Number of protein chains: 2
Amino acid sequence: MSETLLSSRNLAFELYEVLDAEALTQRERFADHNRETFDAALGTARGIAEELFAPHNRKNDENEPQYVDGGAVLIPEVKPAVDAFNEAGFQNASRSFEQGGMQLPHLLSRACFAHFQSANIATSSYPMLSMGASHLIETFGSDEQKRLFLQPMIEARFFGTMALTEPHAGSSLADIRTRAEPAADGSYRIKGNKIFISGGDHPLSDNIVHMVLAKLPDAPPGVKGISLFIVPKFLVNEDGSLGARNDVTLAGLFHKMGWRGTTSTALNFGDKGECVGYLVGKPHHGLAYMFQMMNEARIGVGMGAIMLGYAGYLYSLEYARERPQGRPVDAKDPTAAPVSIVQHTDVKRMLLTQKAYVEGAFDLGLYASRLVDDCETLATEEERKQAHELLDLLTPIVKSWPSEFCLKANELAIQILGGHGYTREYPVEQYYRDNRLNPIHEGTHGIQSLDLLGRKLAQNNGAGLKQLTRLINQTCERAQAHASLDKLREPLEQLMARLSATTLSLLGDLMQGRVAQGLANSALYLKVFGHAVIGWRWLEQAIRAEEGLARGDAADTDFYRGKLQAARYFLTWEVPSCHHDLTLLEARDDTCSTMQDAWF
Amino acid sequence: MSETLLSSRNLAFELYEVLDAEALTQRERFADHNRETFDAALGTARGIAEELFAPHNRKNDENEPQYVDGGAVLIPEVKPAVDAFNEAGFQNASRSFEQGGMQLPHLLSRACFAHFQSANIATSSYPMLSMGASHLIETFGSDEQKRLFLQPMIEARFFGTMALTEPHAGSSLADIRTRAEPAADGSYRIKGNKIFISGGDHPLSDNIVHMVLAKLPDAPPGVKGISLFIVPKFLVNEDGSLGARNDVTLAGLFHKMGWRGTTSTALNFGDKGECVGYLVGKPHHGLAYMFQMMNEARIGVGMGAIMLGYAGYLYSLEYARERPQGRPVDAKDPTAAPVSIVQHTDVKRMLLTQKAYVEGAFDLGLYASRLVDDCETLATEEERKQAHELLDLLTPIVKSWPSEFCLKANELAIQILGGHGYTREYPVEQYYRDNRLNPIHEGTHGIQSLDLLGRKLAQNNGAGLKQLTRLINQTCERAQAHASLDKLREPLEQLMARLSATTLSLLGDLMQGRVAQGLANSALYLKVFGHAVIGWRWLEQAIRAEEGLARGDAADTDFYRGKLQAARYFLTWEVPSCHHDLTLLEARDDTCSTMQDAWF
């Protein structure tokens with residue numbers, strides 16, 4: 001049977017050849033694990049994803065949630081799939097054994113989850129949101145909140161959401177208007193309207209725990225005046241039983257281009273003035289707390305984009321192998337049998353581009369997930385801090401690069417299928433529509449570019465950036481052991497040399513108050529930085545492929561040759577394209593910034 | 001009222017400042033026309049498009065054609081819109097007065113039609129297909145065929161289609177299996193299955209005339225064995241009245257990602273062995289004939305892609321002007337009122353990119369339409385031949401460049417609207433879905449790149465290419481009169497110098513039998529050539545803008561400044577990006593061609 005979710009050979013390459021997942025079992029937290037337990041978890045994930053998630057992916061798209069009697073109704077296939085996911089323990093894959101979890105490394109839980117995202121991004125969103133919300137309470141909530149809300153979320157009786165956006169405030173959260181008034185009993189009364197709340201209503205759980213950003217009466221202006229509240233759909237009694245329905249109403253559903261199986265809701269809080277909320281942590285610290293969830297979610301969004309790209313790549317590859325059409329461009333005999341389109345160079349180009357984007361991004365997504373493990377389980381505080389700095393720096397790339405380039409991969413998958421790819425009789429058009437959300441939610445591309453250039457680079461005196469530069473240099477040094485990789489390494493070295501200089505110079509602008517000038521072309525910077533990072537990951541993969549070839553296992557030769565060709569594609573076709581972007585950045589080109597509204 | 005279909009100021013700029021439409025009225029065929037008659041036709045088109053086409057664009061999308069009792073049923077709004085289009089004479093806008101037409105230049109009829117494409121690409125497709133089919137009969141049909149089929153098409157009682165693709169033969173038409181057996185009465189019996197036939201069934205006309213490619217029993221193999229047949233849905237009696245239903249059955253409808261209002265059909269010809277067809281022109285010449293229709297259709301597809309891009313650009317511009325969100329990146333006061341997002345540099349970038357793509361392509365589409373007029377109405381045969389050579393060369397660019405870059409424009413329009421852009425409550429997501437068809441139908445991107453590099457460049461000893469190069473050089477020379485344009489002209493000159501050398505060298509490969517090597521990276525070549533052509537058109541627009549500024553009409557200053565900024569964007573941000581592609585082309589990079597199926 002062909003693999004439609006992701007290539008297990010490539011997954012094994014990532015986990016055991018590139019990212020050395022087995023080394024994690026040397027750490028105390030993962031001491032009970034080994035490659036067999038990892039593979040068992042992956043196998044279970046694959047099985048449930050194939051059997052319960054993939055089969056209703058199209059049905060989700062064709063039957064989006066309906067608003068019925070004040071609630072959202074989903075197709076019946078979603079609940080058994082999510083239930084099986086929870087029963088198999090994936091909701092708590094990385095939680096400790098004591099908490100009832102699998103105590104897997106994040107690297108492995110992300111790899112498990114990738115199967116669900118590939119099979120059915122919409123259905124997988126419900127547990128993903130819940131994982132983020134429960135982790136937020138786990139980190140910042142009181143013991144009482146953990147007892148009443150976290151524990152049922154761990155048991156998957158309650159699900160969670162993140163409720164940030166308002167009709168007039170999306171990217172600019174400083175402007176939210178939702179208010180929280182203190183009540184006599186120590187709780188708060190929430191009043192406001194939120195939109196685009198994914199999973200804001202559904203029949204999958206007994207209760208839904210909304211993590212809501214709102215402002216207290218004494219809130220200072222701007223982002224420093226935002227607080228975080230737990231607002232359950234149903235109130236929860238002291239003994240944990242469900243109480244009355246809270247004053248949260250489903251005002252309506254949004255109808256999206258794709259990702260249709262996930263409810264996107266408008267929620268009204270406190271229409272009757274009776275919406276009960278509970279402050280999480282300290283007043284006015286809500287945005288900082290929420291950033292934990294958003295950073296997790298950003299990695300999740302990046303992985304989702306990757307897996308949509310991956311699914312489209314695998315489907316179009318299979319199609320290209322099976323579809324006969326035309327003859328080689330230099331064929332002389334018009335009566336010769338047609339060849340499979342995978343034989344045409346331009347189709348190879350479209351497949352190789354997809355492979356380079358998807359497998360490059362997949363490597364980065366898993367690399368970042370392993371960094372989450374490093375943040376938690378490296379031996380010393382200093383090491384954990386370093387891992388955190390690097391992860392912080394990479395997060396905007398993990399989120400944005402796949403959102404842009406794995407969407408391009410989906411565009412190419414459609415193109416390979418031609419007219420068929422444009423019909424809803426084939427899956428690739430849905431992947432493309434689904435993936436178009438990813439450059440928007442959890443911080444748009446523009447926001448990510450400002451986060452990278454305006455915030456992350458200079459954080460802790462550029463500690464993350466220095467680490468990344470050192471790591472890339474180390475990879476380049478190791479690549480020198482393979483003369484065959486010279487032509488792949490050199491473009492990366494050339495890009496890095498120039499990028500480093502440009503970065504310093506742009507940071508100079510920011511530090512010296514030329515903020516608008518420094519940030520003007522942040523979108524270009526995001527692209528170049530992302531290409532450098534993915535180029536680095538491809539060179540790393542190429543080194544592992546050379547090592548694999550040197551081991552000489554004939555069964556793996558084709559696999560490693562493919563890795564080398566994709567690395568070559570990315571490093572020689574894609575990476576050098578960034579020099580023109582750097583020229584514009586270096587020149588502080590002001591074509592966009594000097595454009596006037598009236599001139600359009 | 002804001003203009004949602006296209007900017008009339010920009011249309012006037014194109015027609016009267018760049019392309020000198022008024023000069024056409026010096027030609028005998030257009031002697032009865034003047035700027036007033038042109039503008040009257042444009043105004044009528046705009047009115048019908050706004051009043052009857054635009055209002056049901058979303059409804060078309062939400063209610064795709066249904067298969068009922070063997071036929072396709074459309075929403076009721078389509079027919080009155082198409083009827084109004086026909087009654088106003090747009091079906092025959094370029095036909096002669098004697099034929100009942102408006103005898104407008106093609107430049108003007110395309111500009112008129114652009115309004116309908118922008119307003120509702122799906123509904124506009126029915127008349128577009130009919131125009132192509134009727135022109136095919138007009139050019140190659142017998143007098144009898146013209147009487148029985150063309151005349152009712154001119155009167156819009158019959159509509160037409162082009163029926164080429166078969167389940168196993170899309171890009172490779174040489175492999176079609178539809179057969180045509182001679183019958184005793186001089187007609188033929190057609191047998192075969194066609195798919196993706198747009199407008200293959202609908203209730204808009206009394207009859208549908210399918211232009212069908214099929215093979216005669218004695219057909220030589222390959223593309224030289226294809227013949228063209230008229231196959232009506234209803235037979236037509238000698239007196240022009242409708243006869244029996246022909247043996248053409250609607251086997252089913254395709255369900256597309258976008259462009260949903262246009263039926264995409266599977267048609268069975270001769271299930272009962274009784275499908276009557278009539279040979280058009282000579283046996284085995286069908287593909288050459290069909291290329292006339294395809295070349296027209298390719299310009300039509302390019303214009304459709306442009307207008308979808310245009311509609312998205314205008315909508316996102318209006319949104320950006322009205323949507324307050326956030327503050328400038330260097331703002332200090334978090335309590336300051338939010339600014340319209342059009343004030344953010346990254347939003348300006350996304351708008352300016354759209355403007356550069358859409359207005360650059362729009363200029364090229366109209367330029368090509370004017371060349372159609374030159375082919376027909378220039379004074380000497382030599383001049384007409386030259387116009388034809390240039391048009392032939394540009395056709396793959398007119399088709400493919402907008403299909404790629406105006407789709408990118410639509411992607412940016414969604415991004416500007418953020419979460420709203422991703423919902424079906426706003427129009428931009430539909431433009432994006434609709435536009436995704438354009439790189440596929442009427443010859444995929446890959447086919448266009450082979451057509452350009454493998455066929456068009458060398459045609460007539462490169463006559464078209466020499467002309468184009470001369471024209472671009474002339475524009476560069478004229479640009480030298482404006483020192484302000486130096487920085488825009490130089491990148492084009494640099495690109496052209498290198499592109500010319502690369503072109504010669506690639507043609508050398510082809511002429512010396514290294515066909516696979518020469519064509520391996522044809523997709524890169526198509527992009528570079530397209531960017532050179534659009535860069536040329538932008539430099540031409542920039543010259544006109546400078547001339548406009550020099551005239552000093554204050555009301556137009558903003559408009560011309562916007563033109564110059566968009567030209568600057570395209571020539572300094574986009575054009576230089578092609579040098580890396582040229583490096584790969586020059587090196588005959590074989591990364592894609594040496595990739596092996598087994599390595600994926």
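Predicted model: local features only at pLDDT ≥ 70, side-chain atom pairs only at ≥ 80, totals over all residues.
The arrangement of the two chains comes next. Chain A is superposed on chain B by a rotation of 180° with 0.0 Å of shift along the axis, and the RMSD is 0.0 Å. The two copies are therefore related as by a two-fold rotation axis. Among the residues of chain A, Ser577(A) comes closest to this axis, with its C-alpha at 3.5 Å. What share of the interface residues of chain A are also interface residues in chain B? The share is 100%, so the copies meet through the same surface.

Val515(A) is placed in helix H16 of chain A, which covers residues 515-519. Is Val515(A) buried or exposed? Its relative accessibility is 18%, and because buried means under 20%, Val515(A) counts as buried. Leaving aside residues up to four places away in sequence, Val515(A) touches Asp509(A) and Leu510(A) in chain A, together with Val329(B) and Asp330(B) in chain B. Along the chain, Val515(A) and Gln494(A) are 21 residues apart, and their C-alpha atoms are separated by 27 Å.

Technical notes: Residues numbered from 1 in each chain as written. Chains lettered and ligands numbered in written order. Heavy atoms only, no water. Helix = DSSP H or I, 4+ residues; strand = E, 2+ residues; numbered from the N terminus. Buried < 20%, exposed > 50% of the residue type's maximum accessible area, 1.4 Å probe, protein only. Contact = heavy atoms within 4.5 Å. Least-squares fit on C-alpha atoms with pLDDT ≥ 70 in both.
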